[in-house]
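Thanks, everyone. Let me put the model on the screen, and then we go through some helix packing and the ligand site.

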Amino acid sequence: MKRVGITGGMGCGKSTVVNEFRRLGVPCFVSDIVASGYYYDFDFLDDLRRLLGDEVFLDDGTVDKKAVATKVFADKALLQGLNALVHPRVMEDFSHFCKIHASSPYVLFESAILYDYGFDRLMDKVICVYLDLDERLRRLSQRDGVGEDAIMARISNQLPAEEMMLRADYVILNYEGNPRRRQVEYIDKLLKQ
Ligand code: ADP
């Protein structure tokens, strides 16, 4: 079974492309979704409180994710600290996921920060979904209803999309009108060979 990473800058259409692979029956591990489950895990919450303090918790004990984002995106050391809590857990869960799907020809691992933290070294192949920055900003402000400054603050923490594209084994161009489904079916065929 191959481990295949799928990456791309925020707003380039990773989730949309992953859904196409899912439609073909490919097991897809979405790091963001898995990681959001950690906010219900007491051990993780204890670690988070030690790192970021009481101010990222609401009165009912749940995490104020906006406060977390504001803190970590304003301070690189805190972002690193949060990553050190999240990444090993993600890799452990992915390894479990691979065991469950060991009979599949390949599994997908979706992460926007695959290259930033060396997850690519754990993959046999990497797919990059690409879209230029202007179009990503347009789609993200529509999707999330937030201003371009807030989006740029997050994007600037990620590797440039062009670099991801150059390093990947396969590139999917996700422009409107492009045959996204055909690109996915073609890569799926190659990965199953
Ligand atoms: P990512 O997961 O990379 O952040 P999404 O898959 O959420 O990106 O896509 C960002 C936005 O762009 C979403 O609102 C999605 O519906 C839209 N979108 C994705 N692919 C296309 C496309 N080919 N044409 C038009 N809109 C698209």
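Start with α1 and α9, which cross in a right-handed sense. This is a predicted model, so keep that in mind throughout. Helix α1 covers residues 14–23, and helix α9 covers residues 180–192. Their axes come within 10 Å. The crossing angle is roughly 55 degrees. That makes α1 oblique to α9, because the angle falls in neither the parallel nor the perpendicular range.

Who touches whom? On the α1 side, we have Thr16, Val17, Glu20, Phe21 and Arg23. They meet Arg180, Arg181, Val184, Glu185, Ile187 and Asp188 of α9. Look at the make-up of this contact: 6 charged residues, 4 nonpolar and 1 polar.

Next, α3 and α5. Helix α3 is residues 42–52, and helix α5 is residues 76–100. Here the axes lie 10 Å apart, at an angle of about 165 degrees. Anything over 145 counts as roughly antiparallel, so that is how α3 runs relative to α5.

From α3, the contact takes Asp43, Phe44, Asp47, Leu48, Leu51 and Leu52. From α5, it takes Leu78, Gly81, Leu82, Leu85, Val86 and Arg89.

On α4, the contact residues are Val68, Lys71, Val72 and Phe73. Their partners on α5 are Lys76, Leu78, Leu79 and Leu82. Count by type: 6 nonpolar, 2 charged, no polar. Note Leu78 and Leu82. Both are in the contact with α4, and both are in the contact with α3.

Now the ligand. How many residues surround it? The number is 13. The closest are Gly11, Lys14, Ser15, Thr16 and Arg143.

For Ser15, an N or O atom in the side chain is 2.7 Å away from a ligand oxygen. For Gly13, a polar backbone atom sits 3.0 Å from a ligand oxygen. For Cys12, a backbone N or O atom lies 3.4 Å from a ligand oxygen.

That is the tour. Over to you for discussion.

Key:
Residues numbered from 1 in each chain as written. Predicted model: local features only at pLDDT ≥ 70, side-chain atom pairs only at ≥ 80, totals over all residues. Heavy atoms only, no water. Axes fitted to C-alpha atoms, helices over the stretch in contact; angles between N-to-C directions. Helix = DSSP H or I, 4+ residues; strand = E, 2+ residues; numbered from the N terminus. Parallel < 35°, antiparallel > 145°, perpendicular 65-115°, else oblique. Contact = heavy atoms within 4.5 Å. Near = heavy atom within 4 Å. Polar contact = N/O pair within 3.5 Å; in protein donor to acceptor, adjacent residues only side chain to side chain. Left-handed = near helix turned anticlockwise from the far one by under 90°. Nonpolar A, V, L, I, M, F, W, Y, C, P; charged D, E, K, R; others polar.
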